[in-house]
Amino acid sequence: MDLKAMESKERGRVDIINLSLSARIIINVEALNMAESVGNYTRHRKAPVVIRTETGYSIVYVPVMSAEALANAYQRLLAQIASARGLPVTKMDLEGYFMKFSDNNIIKAYYIDDLAKILNISNKDPNSLIEALKNKRPGEVEKLILKSSVVADVGGFLYTDMLLKRTSAIRFAYLTPAIDAVEAGAASVSPQMHVRYTPEAREREQAIYYLEGGSSLYVLTAQLLVSDIGRTFYTPEPDKDLEAQRPRRIDAAIDALIALADGLLFGAKRSRYMPQWLVRSMAVSVSKGIVEFNVSPGVTSDYIARTCERASHLADSITDLEIDIYAFSEETSDVEKCINYENQSNKRMRFKEADSHTEALALAKKKIHEYLGSTAKREGSGR
């Protein structure tokens with residue numbers, strides 16, 4: 001029996017609450033993810049994408065930003081927000097090093113103080129603490145790590161010496177140009193020359209260097225599996241301390257994603273390559289039921305209508321599933337199509353048009369709080 005099934009058997013059915021978003025964003029002159037340096041030339045990260053041509057399909061290389069870079073920015077925001085709200089984070093989380101208890105050597109070098117605090121012991125001898133971990137069950141070690149770090153809770157971890165793994169609740173796709181933008185030729189990189197001057201221009205003091213910047217209509221896609229946050233998976237018994245913190249942990253996780261998506265708070269070289277950006281559209285979904293629902297990636301401008309169509313058919317087929325979609329668009333008007341799909345699903349899929357991408361995110365957060373409130377009431381009544 002897998003862990004999800006075990007949890008369901010012990011606690012009764014646990015609904016999956018999932019937050020998903022995709023946005024189409026014009027980003028001009030950005031150096032958000034640089035991959036390598038060759039001499040005095042620093043290259044933008046690129047990746048191959050498939051586009052349709054008159055003769056079939058073709059591969060083109062376009063500027064991208066890795067999902068790892070997005071996850072790093074998200075976890076930095078999460079650590080900052082969680083710490084400000086009195087939730088547990090490690091010293092490494094706050095410094096932006098997300099090793100997250102990966103093995104005994106890492107624990108001895110970086111996490112002894114954090115674990116000693118959770119274990120409430122004054123003996124910080126690294127070897128003694130490692131021995132203490134070895135004598136505990138996987139479920140007990142999982143709880144220790146979760147109590148030490150909200151970032152490990154939401155962002156997942158892999159403790160290799162005990163083969164203890166927690167899948168990340170936050171998931172990102174690569175930031176890539178939209179397919180219709182690539183087909184129209186609206187995705188490119190260009191090297192810009194920069195010069196370092198010195199007063200006397202001595203040999204080897206001055207330098208000319210090139211930095212490659214990218215511009216395109218990019219697609220940001222992310223998912224937050226809200227119902228996994230604060231839950232243990234190596235033991236069916238809930239932990240009272242984690243359960244008490246769970247609403248605040250979920251709130252911090254959602255707010256970190258909202259901050260990242262609303263203001264494009266990610267990427268490198270922002271001190272001198274702050275990108276010019278404009279959100280053209282965004283679709284955000286909140287689903288609750290026995291399966292996850294994710295919005296269609298915004299690779300083409302009709303993705304909001306595609307999302308509503310999928311949600312309508314899925315909610316109609318899987319009756320114990322509810323889906324709410326909030327969308328903002330300055331590109332196309334899919335409101336009538338989404339309303340028609342809403343009616344076809346007998347209102348199990350619900351659609352609301354937002355005035356901005358910020359409002360779409362805020363409406364999704366409000367819906368999640370409604371679901372969490374109803375869940376708390378149901379659990380409190382013993383049902």
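Let's start with Y57, which sits in strand 5 (strands are DSSP runs of E with at least two residues, helices are runs of H or I with at least four, and both are numbered from the N terminus). Y57 counts as exposed because its relative accessibility is 63%; the cut-offs are over 50% for exposed, under 20% for buried and in between for partly exposed, with a 1.4 Å probe and protein chains only.

Strand 5 (residues 56-63) gives the patch its largest share, 3 residues.

## About the model

This is a predicted model, where local features need pLDDT of at least 70 and side-chain atom pairs count only at 80 or more, while totals for chains, interfaces and linings use all residues. Residues are numbered from 1 along each chain as its sequence is written, and side-chain values use heavy atoms, leaving out hydrogens and water.

## T221, tucked into strand 11

T221 belongs to strand 11 (residues 207-225). T221 counts as buried because its relative accessibility is 16%. Skipping residues up to four places away in sequence, T221 touches L21, S22, R171, F172, A173 and P297 (contact means heavy atoms within 4.5 Å).

## S102 in its loop

S102 lies in the loop between helix 3 (91-95) and helix 4 (104-119). Leaving aside residues up to four places away in sequence, S102 touches L158, Y159, T160 and D161. From S102 to Y74 the separation is 28 residues in sequence and 19 Å in space, C-alpha to C-alpha.
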